[in-house]
Structure formats: C-alpha cells, structure tokens
Amino acid sequence: MPEDAPRSDGTRDTSTRDSLAARRGLDAPVYAPAEDSGLLAEAAVEHARGATLEVGTGSGWVAERVRTESDATRVIGSDVNPHAARRARDRGVEAVRADLLGPFRDGALDTVLFNPPYLPTDPDNEWDDWQEAALSGGESGRDLIEPFLDDLPRALAPDGVALLLVSSLTGFADAVEYAVDAGFRAETVAEESYPFETLSILALRHRE
Ligand SMILES: C[S@@+](CC[C@H](N)C(=O)[O-])C[C@H]1O[C@@H](n2cnc3c(N)ncnc32)[C@H](O)[C@@H]1O
C-alpha cells in the first residue's frame, strides 16, 4: 500500500486511506489486486507445490495465478469476507469463507500464502467494514499476522512452506522475531521498495 504516507506516530490519515481505498476499488467490498498482490503472486508461482491455501484471497487473483502457473496440485482460497470468497469462485478458484487457518486440518497444507491486512491503524479511526478487514492491521499492523503465525505450525505440513507478505510499516524485524518464536526459519525471497514502505515476502519453514 505504498502511496499512503504514514504520520510520524505510525498511524494514517483517514482521508488518504479513503482515496487509496477508492483507487483500489475498495468502495467495492473486495480488495483489488495491487503491488503487494503482484509481489506475492510472483514468489508463489515459484515456490508453491502440493496442497496450497491462499489465506485472505480477496478477488482470487493471486490464487488463480498460482493455480495456472505453479506446481501446486490443488489451490484453495479462503477469506473472512463472503463477497471475496464469491468473487474468487467466480474467477474459477475453489474458495471458502474462513477465519485464518481455523478450518484446515493439522499438517494438511504444503504451501500457505498470506498477504495480510497490515496498515497500522489508530483504534479511534477503525471503520468497521470490509475495507477495514482488507487493510487494517490494528494499532501495530500485526493484529492478523500474529494469530496467523500462532496457528501456522499446526496447519503447515512438516516440509511445507508459507509465504507471508510483510511491510516495513508493520515492523519487519518484529514480524520476523514473532515467526522465529513460533518455531520457523525465515528467509526473505522477494523485496520491493516504494517511497513510503518496503514490501518483503518471507518464506517460513519449520525449524528442525
Ligand atoms: C490486503 S488484502 C489481500 C487480498 C489478496 N490476497 C491480494 O493479495 O490481492 C487482505 C485480505 O485478507 C482478508 N482477511 C482479513 N481478515 C481475515 C481473516 N481473519 N481471515 C481470512 N481472511 C481475512 C480480507 O478480507 C482481504 O481480502
């Protein structure tokens, strides 16, 4: 979400957020693919194999690319937003409504992809709709990343890989530390810098 300049306290101006949301088609209820989606898709096409889940699939654009361009044998998209699950299905992606990894069986996933909502957001400015579900990572920016990492060790197959998009706005070092504490080796496999943030793709594998 590169163009949306943070304030000095790390939170964001809501008018900028609203114009960003409009440009991204978020006055519609589903996140429109952007630079972050593209970076995740490129890495996922290279790394995905076996049973693959894209958490927070949004429009299903990333999942569709993975389905058609990678070694994945089955690709599922999930999203807490029912409009997103429907949009992804319309695109031909197998998609379900789900909260993070909740419904997925232990060790069932060879590859997990997640471009999380990550904008640090002042609690007084939360706006309680599908835009918020797509963009806001709470005060730290990590409100979705941390519960995802808490449950990932359970759902990811022993030799599986998860690709997680992390923005510098979210606190790259904090996200890596949390992943390591959850039991993963973390390696940066893609990175792109924009005027207000750097986006990285972390590849996470169980530590032996
Ligand atoms: C930044 S958008 C990414 C959309 C798409 N993956 C892409 O890259 O274009 C984040 C997505 O996560 C979804 N999401 C938010 N909270 C979630 C949760 N608890 N469980 C599953 N999906 C969630 C949002 O609805 C939104 O579609």
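How many helices and strands are there in the protein?

1. Overall composition. The structure under discussion is a predicted model. The protein contains seven helices and seven strands. From one end of the sequence to the other, these elements follow the pattern α-α-β-α-β-α-β-β-α-α-β-α-β-β. The protein has 208 residues, of which 45% count as buried. If contacts in the protein between residues at least 6 apart in sequence are considered, 62% of them join residues at least 24 apart.

2. Helix α2. This helix spans residues 35-47, a run of 13 residues. The distance from its first C-alpha to its last is 19 Å, close to the 18 Å expected at 1.5 Å a residue. Its buried residues are Asp36, Leu39, Leu40, Ala41, Ala43, Ala44 and His47. The cover over these residues includes one helix, α3 (61-69), together with strands β4 (109-114), β5 (156-167), β6 (184-193) and β7 (198-206).

3. Strand β5 and its partners. Strand β5 is mostly covered, with nine of its 12 residues buried. On the β4 side, five bridges join the two strands, which run parallel; within this pairing, Phe114 has Leu164 of β5 as its bridge partner. Strand β7 is joined to β5 by six bridges, and these two strands run antiparallel. Leu165 stands opposite Ile201 of β7.

4. Leu156. This residue belongs to strand β5. Leu156 counts as buried because 26 other C-beta atoms lie within 10 Å, where the cut-off for a buried residue is 20 or more. With neighbours within four places in sequence left aside, Leu156 is in contact with Leu109, Val112, Ala162 and His206. The C-alpha atoms of Leu156 and Thr111 are separated by 7.2 Å, although the two residues are 45 apart along the chain.

5. Nonpolar side chains in soluble globular proteins tend to be buried together. In this model, the largest nonpolar core has 55 residues, and those touching the most other members are Leu40, Ala44, Val112, Phe148 and Leu163. Strand β5 gives the most to this core, namely seven residues. Leu40 touches Val62, Leu113, Asn115, Leu163, Leu165 and Ile201, residues up to four places away in sequence not being counted. Leu40 is also among the buried residues of α2.

6. The ligand shell. Which element supplies the largest share of the shell around the ligand? That element is α2, with three residues. In total, 23 residues surround the ligand, the closest being Ser37, Gly56, Gly58, Val80 and Asn115. At least two residues of the shell come from each of α2, α3, β2 (71-79) and α5 (130-135). By class, the shell comprises 13 nonpolar, seven polar and three charged residues. Asn115, one of the closest residues to the ligand, is also touched by Leu40.

7. A backbone point to inspect. Leu100 is found in the loop between β3 (94-97) and β4. Its phi is near 45 degrees, a positive value in a residue other than glycine. Is Leu100 buried or exposed? Leu100 is buried, because 20 other C-beta atoms lie within 10 Å and the definition of buried asks for 20 or more.

Note on methods
Residues are numbered from 1 along each chain as its sequence is written. This is a predicted model: local features need pLDDT of at least 70, side-chain atom pairs count only at pLDDT 80 or more; totals for chains, interfaces and linings use all residues. Helices (H or I, at least four residues) and strands (E, at least two) are DSSP runs, numbered from the N terminus. The expected span of a helix is 1.5 Å times one less than its number of residues. Two residues are in contact if their C-beta atoms, placed from the backbone, lie within 7 Å. A residue is near a molecule or strand if its C-beta atom, placed from the backbone, lies within 6 Å of it. Ala, Val, Leu, Ile, Met, Phe, Trp, Tyr, Cys and Pro count as nonpolar, Asp, Glu, Lys and Arg as charged, and the others, Gly among them, as polar. Two strands pair if DSSP finds at least two bridges between them. A nonpolar core is a set of buried Ala, Val, Leu, Ile, Met, Phe, Trp, Tyr and Cys residues joined through C-beta atoms within 7 Å.
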